[in-house]
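Thanks for asking me to look this one over.

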Amino acid sequence: MPDSNLPGTELLKTVLEPLLDDFQFWFTRSRDLLESEQLSFMSHQDQSDLLLRVKQAQNELNTAKMLFTATDRQVGIDMATLMPWHQLVTECWDVSMRFYRSREV
């Protein structure tokens, strides 16, 4: 749990920076899967749509990270922006789990 006595900039650096890095990691991993595999449990259109949403989220994330860095980590990101990314990562985790389970059979 972050120290609630940290100044705002330090709190953003401590909490937001790793969160943005996590989003980047999971979006990259999901994009790699969606671009390299044909998922038998998804239609081609559904897979393409998910890939498009991941690419869009990556672009938004890159912009947010640039702004965060350009302002010397003094600007936060609205929850209205973060929540769709979180939901997309969760959806990608579900797809990834289904893919890896289907390979075990």
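**Notes on the model**

1. Asp-21 is partly exposed, with a relative accessible area of 39%. Its salt-bridge partner is Lys-65, with 3.2 Å between the closest N and O atoms. This pair ties together distant parts of the chain, as Asp-21 sits in helix 1 and Lys-65 in helix 2, 44 residues apart. Lys-65 also counts as partly exposed, at 23% relative accessibility. Please keep in mind throughout that this is a predicted model.

2. Now for the overall layout. The chain has 3 helices and 0 strands, and its elements run α-α-α from the N terminus on. Along the principal axes, the C-alpha atoms fill a box of roughly 50 × 25 × 20 Å. The radius of gyration is 16 Å, whereas a compact globule of 105 residues would come out near 13 Å.

3. Of the 105 residues, 27% count as buried. The accessible surface is about 7,000 Å², and carbon and sulfur atoms account for 55% of that surface. Among contacts with a separation of 6 or more, 74% are between residues 24 or more positions apart.

4. Which residues touch the most other members of the largest nonpolar core? They are Phe-27, Leu-50 and Trp-85, in a core of 23 residues. Helix 1 (8–36), helix 2 (44–70) and helix 3 (79–104) are the elements that each give two or more residues to this core.

5. Leaving out residues up to four places away in sequence, Trp-85 touches Leu-20, Phe-23, Phe-27, Ala-57, Glu-60, Leu-61 and Ala-64. Trp-85 is also one of the buried residues of helix 3, a list that includes Leu-82, Leu-88, Val-89, Cys-92 and Phe-99. Helix 3 has 26 residues and spans 37 Å from its first C-alpha to its last, close to the expected 38 Å.

6. Is Ser-30 buried or exposed? Ser-30 is buried because its relative accessible area is 10%, and the cut-off for buried is under 20%. Ser-30 belongs to helix 1. Beyond its neighbours up to four places away in sequence, Ser-30 touches Val-54 and Cys-92. Cys-92 is itself among the buried residues of helix 3.

7. The loop between helix 1 and helix 2 holds Phe-41. With a relative accessible area of 21%, Phe-41 is partly exposed. Apart from neighbours within four places in sequence, Phe-41 is in contact with Val-95, Arg-98 and Phe-99. Of these, Val-95 and Phe-99 are listed among the buried residues of helix 3.

8. Through shared partners, salt bridges join Arg-31, Glu-35 and Lys-55 into one network. Glu-35 is partly exposed at 44%, Arg-31 at 27% and Lys-55 at 30%.

Key
Residues are numbered from 1 along each chain as its sequence is written. This is a predicted model: local features need pLDDT of at least 70, side-chain atom pairs count only at pLDDT 80 or more; totals for chains, interfaces and linings use all residues. Side-chain values use heavy atoms; hydrogens and water are left out. A nonpolar core is a set of buried Ala, Val, Leu, Ile, Met, Phe, Trp, Tyr and Cys residues joined through side-chain atoms within 4.5 Å. Buried means under 20% relative accessible area, exposed over 50%, partly exposed in between (1.4 Å probe, protein chains only). Helices (H or I, at least four residues) and strands (E, at least two) are DSSP runs, numbered from the N terminus. Contact means heavy atoms within 4.5 Å. The expected span of a helix is 1.5 Å times one less than its number of residues. The radius of gyration is taken over C-alpha atoms; the globule rule is 2.2 Å times the number of residues to the power 0.38. Accessible areas come from the Shrake-Rupley method with a 1.4 Å probe; for residues, only the protein chains shown count as cover. A salt bridge is a side-chain nitrogen of Lys or Arg within 4 Å of a carboxyl oxygen of Asp or Glu.
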